[in-house]
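Hi everyone, thanks for coming. I'd like to walk you through one chain today, so please have a look at the screen.

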Amino acid sequence: MNWVLITEFPQELCFSENGMLEMELEGRKFTLAKWAEGYYAFAQKCPHASGRMASGYINAQGQVVCPLHRYAFDMKNGRNTTGEGYFLKTYPVETRPDGIFIGFKPNSFF
Ligand code: FES
């Protein structure tokens, strides 16, 4: 796993009101979410029909809901909790004393 620094200063991240923002690091685009004091990272686009996940919302169970057809996904493991059988790519995020890091598998561009 290649750990890449997202920021040394998490308080300076500009999340939208829905708790999400789109980012690009090392050529990889992803969505970063903040929910219940934790950080989650997952694909920029929905696996169903490419809805922009950052334009959706996070429901009361902490699942990200796509803005297009409202399929919901577990932000930790990408499981499609509304049961349509899709899988949202997720990335590990670690909060360390020196910042927030995202883990990319080597040679993985998805
Ligand atoms: S594009 Fe996301 S639910 Fe259809």
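I'll start with the overall fold, then go through the strand pairing, and finish with the core.

A word of caution before the details: this is a predicted model. The protein chain has zero helices and 10 strands, so if you read the elements from the N terminus on, you get β-β-β-β-β-β-β-β-β-β.

What about the overall dimensions? Along the principal axes, the C-alpha atoms fill a box of roughly 40 × 30 × 20 Å. The radius of gyration is 13 Å, and because a compact globule with 110 residues would have a value near 13 Å, the two agree. Of those 110 residues, 25% count as buried. As for contacts with a separation of 6 or more, 39% of them come from residues 24 or more positions apart.

Now to the pairing. Let me begin with the two ends of the strand list. Strand 1, residues 2-7, runs antiparallel to strand 10, residues 99-104, and five bridges join them. If you'd like a place to look, Leu-5 has Phe-101 as its bridge partner in strand 10. Strand 10 also pairs with strand 9, residues 93-96, again in the antiparallel sense, over four bridges. There you can find Thr-95 opposite Ile-100. How many residues lie between strand 9 and strand 10 in their hairpin? Two residues.

Three strands form it, in the order 5-6-7, with antiparallel pairing. Its edges are strand 5, at 57-58, and strand 7, at 72-74, each of which pairs on one side only.

In general, nonpolar side chains tend to be buried together in soluble globular proteins. Here the largest nonpolar core has 24 residues, and those with the most contacts inside it are Leu-32, Tyr-40, Ala-41, Phe-42, Met-53 and Val-64. Which strands each supply at least two residues of this core? They are strand 3 (28-35), strand 4 (38-43), strand 6 and strand 7. Strand 4 gives the most, with five residues.

Let me finish on Tyr-40. Leaving aside neighbours within four places in sequence, Tyr-40 is in contact with Ala-33, Trp-35, Met-75, Lys-76 and Val-93.

That's my tour, and I'm happy to take questions.

How values were computed: Residues numbered from 1 in each chain as written. Predicted model: local features only at pLDDT ≥ 70, side-chain atom pairs only at ≥ 80, totals over all residues. Pairing = 2+ DSSP bridges. Core = buried A, V, L, I, M, F, W, Y, C linked by C-beta atoms within 7 Å. Buried ≥ 20, exposed ≤ 12 C-beta atoms within 10 Å, placed from the backbone. Contact = placed C-beta atoms within 7 Å. Rg over C-alpha atoms; globule rule 2.2 N^0.38 Å.
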